[in-house]
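Here is a briefing on one protein structure. Please look over the sequence and the coordinates before reading on.

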Amino acid sequence: MPPRAFPLRAVTALFLERQHLTRPRALPLTTRRLLRFVEDVGGLQLDSINVLERAHYLAVWARFGPYDRAWLDRVVYRRRLLFEYWAHAACLVPTTMLPWWRRAMLDYRVRHTGWSDWLRRNAKVLTRVRETVASTGPMAHADFEGRRPSGKSGWWSWKPVQHAFHYLWMTGALTVHSRQHFNKRFDLLERCLPGVNGCEDVSAETFRRWHVERSLHAMGAATEQDLTGYMTFPRFGPGVRRAALRELVEHGEVTEVAVEGSAARWYALTRDLPALARARRLPVVSRGTTLLAPFDSLLWYRQRVARLFGFDYRIEVYTPGPKRVHGYYTLPILHDGRFVGRVDAKAHRAERRLEVRHVHFEPWFAAGAAAPTGDGTVEQEAALAGVADALHSLATFVGGDDVVLRRVTPHRLRAPLSRMLVSSEASRRNA
């Protein structure tokens with residue numbers, strides 16, 4: 001019997017739903033909504049770049065609009081409803097998922113054999129760091145003395161204490177207690193999350209199946225390539241993820257599906273087949289406009305974004321300035337479920353100003369043509385109004401009273417976007 005077939009549009013609609021982008025910035029943020037969001041997507045990626053705001057703060061803003069960052073910090077570092085670990089990269093993950101991530105921590109001790117030489121040479125450092133934290137409480141690596149090896153640079157030039165903290169964190173001896181100026185302070189895992197002592201360790205096989213299940217849940221339907229690129233930690237060896245997927249198929253928990261226009265094998269959780277069927281009947285896949293941080297979970301695997309949305313996105317933070325095409329820290333513009341462009345912006349906090357340095361609209365959008373996925377055209381005026389509203393919302397979130405618009409590509413869209421910004425600001429003041 002051939003696999004059940006679904007249009008690509010249904011996969012896109014369910015992906016947006018699982019990423020909480022069906023109605024971006026339409027609902028106020030609550031604890032329950034935050035936790036449901038992070039549980040659905042698998043984690044909030046952390047990143048130190050602060051040209052606008054930290055990535056995890058921006059990801060929450062993209063779904064719920066302006067909110068109090070201090071509130072989110074309390075949820076994480078006081079109430080401990082989320083904790084820091086690796087999922088795609090360094091992330092905030094739900095504490096409800098601690099039993100499974102605990103297995104990743106235990107496996108890290110034997111899986112990452114690249115640590116062997118370092119552990120043998122620095123056993124005393126490791127013991128000293130753990131015992132000092134145990135006796136004194138939360139500490140940062142800067143609280144210890146030590147120097148980096150001379151003549152070296154890069155990640156592996158960390159001083160031994162930094163390596164010790166990282167290893168103890170990844171193996172679950174320590175966890176991130178709090179942050180000061182985004183610098184991690186560590187404490188014993190069991191002191192921060194007492195529930196860990198009552199956790200029954202899941203088996204490695206159970207964890208692998210759970211890992212595939214969580215990724216499929218976050219994406220709605222996915223190829224094996226998508227599963228590899230979405231939650232990238234742990235870095236399972238060749239065939240491990242495939243074996244876990246095969247077991248889930250054999251047990252009836254995962255079903256192979258066909259996606260119209262794609263020759264690849266796609267998979268979905270069996271319980272999600274009705275959701276995919278509903279998604280194919282939706283008149284629109286999403287309604288509203290928002291801006292996504294470069295490290296947003298929707299963008300974790302950019303090849304998937306290209307297949308589903310026809311949107312080629314690259315993070316240019318690490319690209320030399322002269323070689324950048326769109327800007328240093330560009331935020332994709334999601335409007336009614338299509339990516340219509342990207343914004344390069346900077347927050348000037350002292351002047352309370354959001355500088356929009358460059359807005360690049362996609363050529364198909366600027367020409368009034370159909371979206372690359374064939375999902376119809378987009379009304380330009382409504383889209384520009386949505387972009388203007390999102391920019392004012394972002395300015396409010398980062399503490400800006402004014403939005404200053406610089407370049408727009410194509411230039412002929414600058415004047416109408418500028419008018420929409422003025423109109424949006426007036427509406428907000430009269431609200």
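The notes below cover pockets, a helix pair and backbone geometry.

This is a predicted model, in which local features need pLDDT of at least 70, side-chain atom pairs count only at pLDDT 80 or more, and totals for chains, interfaces and linings use all residues. Residues are numbered from 1 along each chain as its sequence is written, and side-chain values use heavy atoms, with hydrogens and water left out.

**Largest pocket**
- The largest pocket holds about 880 Å³ of space. A pocket here is an open set of points on a 1 Å grid over the protein atoms alone, where a 1.4 Å probe fits, with protein on both sides within 12 Å along at least five of seven lines.
- The volume is the space filled by probe spheres set on the points.
- Its lining has 31 residues, and Leu 46, Asp 47, Ser 48, Trp 86 and Ala 90 lie nearest the centre. Lining residues have an atom within 4 Å of a point.
- Two or more lining residues come from each of β3 (82-86), α8 (160-170), β6 (183-188) and α14 (302-309). Helices (H or I, at least four residues) and strands (E, at least two) are DSSP runs, numbered from the N terminus.
- α8 gives the most, with four residues.
- By class, 18 lining residues are nonpolar, eight polar and five charged. Ala, Val, Leu, Ile, Met, Phe, Trp, Tyr, Cys and Pro count as nonpolar, Asp, Glu, Lys and Arg as charged, and the others, Gly among them, as polar.

**Second largest pocket**
- About 440 Å³ of space lies in the second largest pocket.
- Of its 14 lining residues, Glu 17, His 20, Leu 27, Arg 36 and Asp 40 lie nearest the centre.
- α2 gives the most to this lining, with four residues.
- The lining divides into eight charged, three polar and three nonpolar residues.

**Helix pair α5 and α10**
- The axes of α5 (residues 98-111) and α10 (residues 204-219) come within 9 Å and cross at roughly 120 degrees. Axes are lines fitted to C-alpha atoms over the stretch in contact, and angles run from 0 to 180 degrees between N-to-C directions.
- Trp 100, Trp 101, Arg 103, Ala 104 and Asp 107 in α5 meet Ala 204, Thr 206, Phe 207, Trp 210 and His 211 in α10, where contact means heavy atoms within 4.5 Å.
- This contact has six nonpolar, two polar and two charged residues.

**Backbone geometry**
- Phe 233 and Pro 234 are joined by a cis peptide bond, with omega about -5 degrees.
- Another cis peptide bond joins Thr 409 and Pro 410, with omega about 0 degrees.
- Arg 80 is not a glycine, yet has a positive phi of about 60 degrees.
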